Protein chains: 2
Amino acid sequence: MTKRLNSFVTSANSRDTEFPLNNLPYGVFSQGDHTRCGVAIGDFVLDVAALENQGLIDLGQPLLQSAAWNPVMDAGSDIWDQLRALLIALLSEGSADQGAVEAALYPLAEVQLLMPFTVTEFTDFYAGKNHAINVGTMFRGAENALPPNWLHIPIGYNGRASSVVVSGTDIYRPSGQLKGPDDTLPKFAPSKRFDIELEMGAIVGRPSSDRVSVDQADEMIFGYVILNDWSARDIQAWEYQPLGPFQSKATATTISPWIVTKAALEPFRCETPERDFELLPHLKDTGPMLYDIDLSVTIAPKGSDASEVVRTNYKEMYYSAAQQLAHHTSAGCAMRVGDLLGSGTISGATKESRGSFLELSWGGNEPFTLDTGETRSFIEDFDTLTLQGFAQGSDFKIGFGECTGMLLPAK
Amino acid sequence: MTKRLNSFVTSANSRDTEFPLNNLPYGVFSQGDHTRCGVAIGDFVLDVAALENQGLIDLGQPLLQSAAWNPVMDAGSDIWDQLRALLIALLSEGSADQGAVEAALYPLAEVQLLMPFTVTEFTDFYAGKNHAINVGTMFRGAENALPPNWLHIPIGYNGRASSVVVSGTDIYRPSGQLKGPDDTLPKFAPSKRFDIELEMGAIVGRPSSDRVSVDQADEMIFGYVILNDWSARDIQAWEYQPLGPFQSKATATTISPWIVTKAALEPFRCETPERDFELLPHLKDTGPMLYDIDLSVTIAPKGSDASEVVRTNYKEMYYSAAQQLAHHTSAGCAMRVGDLLGSGTISGATKESRGSFLELSWGGNEPFTLDTGETRSFIEDFDTLTLQGFAQGSDFKIGFGECTGMLLPAK
């Protein structure tokens with residue numbers, strides 16, 4: 001089993017840090033007015049833009065000078081490997097450049113984290129089987145829970161790139177057209193059933209202009225983030241037939257501030273589950289392409305401590321991001337650097353592993369209780385929702401940072 | 001009634017030209033290796049990048065030097081007005097700068113037209129009532145033709161910006177998962193029911209970060225294009241439940257090469273139709289925001305002349321682009337410069353005014369006959385489809401150029 005790599009940054013050598021030398025996730029940070037690319041290591045962020053300026057990182061061309069990781073993605077996977085190798089060398093115990101590197105470290109507690117990349121287009125999937133069964137059972141009954149296509153294709157819909165924000169961004173409760181079962185006409189009002197969806201996001205780092213295989217798709221993925229697909233269930237219920245979710249998903253989509261690269265997650269690959277039907281050749285599993293990543297959600301009402309309300313794992317998914325991406329290109333759809341694919345809500349088989357309030361409260365009919373004694377069916381104003389995830393190694397873990405946001409009242 | 005403005009470019013003074021001085025549509029052209037912004041006038045394209053370099057067009061900052069109209073949009077509506085006034089002055093009969101302007105004219109027949117702008121995100125609507133009734137009747141019967149929400153909100157779904165191509169681009173027949181009514185399992189095969197959708201596209205020229213009114217939305221629109229939302233009906237039938245169209249619409253979306261500005265279309269504004277239900281305040285009509293634009297589709301099988309198969313008008317729509325855009329922002333969705341909104345298929349009440357083959361052949365059950373004697377249910381390989389549109393003034397017309405594409409066999 002992969003062991004922890006040790007760094008001269010001692011906080012990176014703790015069993016508990018999210019950011020050991022094995023991780024090296026990519027973000028964008030600011031301190032004062034200066035915004036630049038950074039890499040998390042222990043309790044610090046490394047100013048890699050400065051190191052590139054000093055010549056300590058040389059990728060053949062300046063790639064770290066814009067406040068986004070898209071230029072690195074665009075440079076291709078040889079550069080991805082080169083940069084990771086360089087960073088490991090620079091930050092390792094016994095690094096020849098320890099002094100210069102230390103001068104480029106900033107305490108994480110003192111910086112602001114911004115969007116790590118520019119989202120080109122955003123696609124959201126519906127590829128968790130427990131989630132699809134739960135939602136389907138609520139809406140159509142247990143007999144018809146899974147739509148007929150569900151076991152053959154990773155169902156997805158195009159989302160809205162302009163909705164994607166970084167962790168920490170406040171979210172305003174949206175308004176929209178709502179029509180209750182007893183209303184004769186719809187009204188325009190604030191959503192009463194505002195929800196989270198616990199997801200992982202895969203970032204497309206290489207473009208394609210035509211259909212790609214599952215293996216090619218896996219190679220195109222640069223890294224992963226934790227993703228909260230905020231969802232207005234009552235807006236969705238009224239709008240989604242026949243063409244799918246639209247404004248119900250357009251308010252905001254929060255991502256974690258750190259892109260964990262595919263390279264860092266390599267030791268945690270795992271198989272997709274057993275198939276109910278053999279997948280068609282263009283989607284067939286060709287190797288382990290899910291990841292063993294523990295995920296959790298906490299909710300903190302205003303002025304209260306956080307209660308954990310969800311605990312699940314990314315390996316619960318039925319389709320990998322590579323399969324989703326292969327399907328995405330199947331009709332010739334061009335993919336571009338910076339495209340973001342949401343996994344779909346990640347729910348386990350047990351009640352406490354359900355990745356949305358819709359499932360946790362069974363459509364609002366079974367409110368659940370927080371540690372504070374309060375109950376919730378959906379999110380209330382001033383609740384702070386925090387999604388987290390990490391892959392657990394033998395003596396280290398790989399984290400993504402918090403994916404958090406507070407819900408403010410409707411404007 | 002608005003009269004034709006006369007230009008020293010005599011071909012612009014014909015009753016039949018699409019590009020009189022009243023129009024001045026914006027495109028991007030290349031001749032040799034040089035790609036730049038151009039404006040159509042009669043049989044010519046005016047190299048406005050060159051005129052800006054020479055100082056004959058001065059907008060306070062260089063806005064015409066990139067091969068896209070996004071910088072002009074981004075500069076705001078005062079600049080839009082300023083540029084139009086400058087162009088009218090430069091190209092009018094008696095222009096003081098006739099010599100310099102003539103030196104920047106290239107025959108349209110000798111240039112290649114490229115994408116006129118960079119598409120930020122693409123949204124497609126379903127806002128034509130006849131189309132929705134036709135499709136709904138085919139799929140759900142006449143009693144349930146319109147979904148319950150249809151008369152209250154302009155139903156839309158997020159499309160794929162990477163699918164948008166300029167007129168003249170060859171389209172490859174897509175493959176995808178298909179499952180016929182008698183198949184027990186889906187197969188992956190070329191689409192057999194590949195179709196057009198005759199639409200107008202509205203281009204968002206001003207950004208918004210929050211909900212906008214219908215009036216504000218109308219002000220945000222920069223101009224319009226003709227749009228063909230190529231659609232694989234058999235892929236759509238299998239994939240679209242429950243989250244809407246995805247790969248069925250991802251192969252390509254063709255737009256006309258010329259953006260006709262809102263200013264040029266001003267004389268042709270007309271009202272939306274009578275409402276079945278009063279719209280909620282945030283969507284209510286506040287003035288004439290549709291346009292009287294005649295639209296047609298021709299099909300030319302390989303080696304044959306084109307047959308006109310559709311003739312309709314943009315004023316058939318139930319919702320204006322401004323209403324669609326207002327709805328698009330209703331849950332707080334940010335809009336950006338370069339966002340493209342497809343109107344939805346534009347069908348009239350008569351058979352020959354149906355804007356898709358799905359409707360013309362009534363789901364493939366009633367093949368229609370071309371002038372050549374051939375019949376069609378859906379598009380066949382090597383068919384060339386051409387969409388056109390123009391607004392008819394007293395002694396001039398405002399055109400968009402052809403929105404055309406040939407279907408090539410599946411790869």
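Predicted model: local features only at pLDDT ≥ 70, side-chain atom pairs only at ≥ 80, totals over all residues.
**Entry 1, the two domains.** I began with the domain assignment of chain A, which gives domain 1 (10-114) and domain 2 (122-408). I then looked up the separation and found that the C-alpha centres of domain 1 of chain A and domain 2 of chain A lie 29 Å apart.

**Entry 2, the interface.** Turning to the contacts, I found 28 residues of domain 1 of chain A in contact with 27 residues of domain 2 of chain A. The area buried between domain 1 of chain A and domain 2 of chain A comes to about 2200 Å², and carbon and sulfur atoms give 64% of that area.

I looked for salt bridges across the interface of domain 1 of chain A and domain 2 of chain A, and the rule finds zero. For polar contact, the count between domain 1 of chain A and domain 2 of chain A is eight residue pairs, both residues being at pLDDT 80 or more.

**Entry 4, the domain 1 side.** I listed the elements that give two or more residues to the side of domain 1 of chain A that touches domain 2 of chain A: β1 (26-31), β2 (34-41), α2 (70-74), α3 (77-91) and β5 (112-114) of chain A. The largest share of that side, four residues, comes from α2(A). Sorting that side by class, I recorded 15 nonpolar, eight polar and five charged residues.

Technical notes: Residues numbered from 1 in each chain as written. Chains lettered and ligands numbered in written order. Heavy atoms only, no water. Domains from an automatic or database assignment. Contact = heavy atoms within 4.5 Å. Buried area = accessible area lost by both parts, 1.4 Å probe. Salt bridge = Lys/Arg side-chain N within 4 Å of Asp/Glu carboxyl O. Polar contact = N/O pair within 3.5 Å; in protein donor to acceptor, adjacent residues only side chain to side chain. Nonpolar A, V, L, I, M, F, W, Y, C, P; charged D, E, K, R; others polar.
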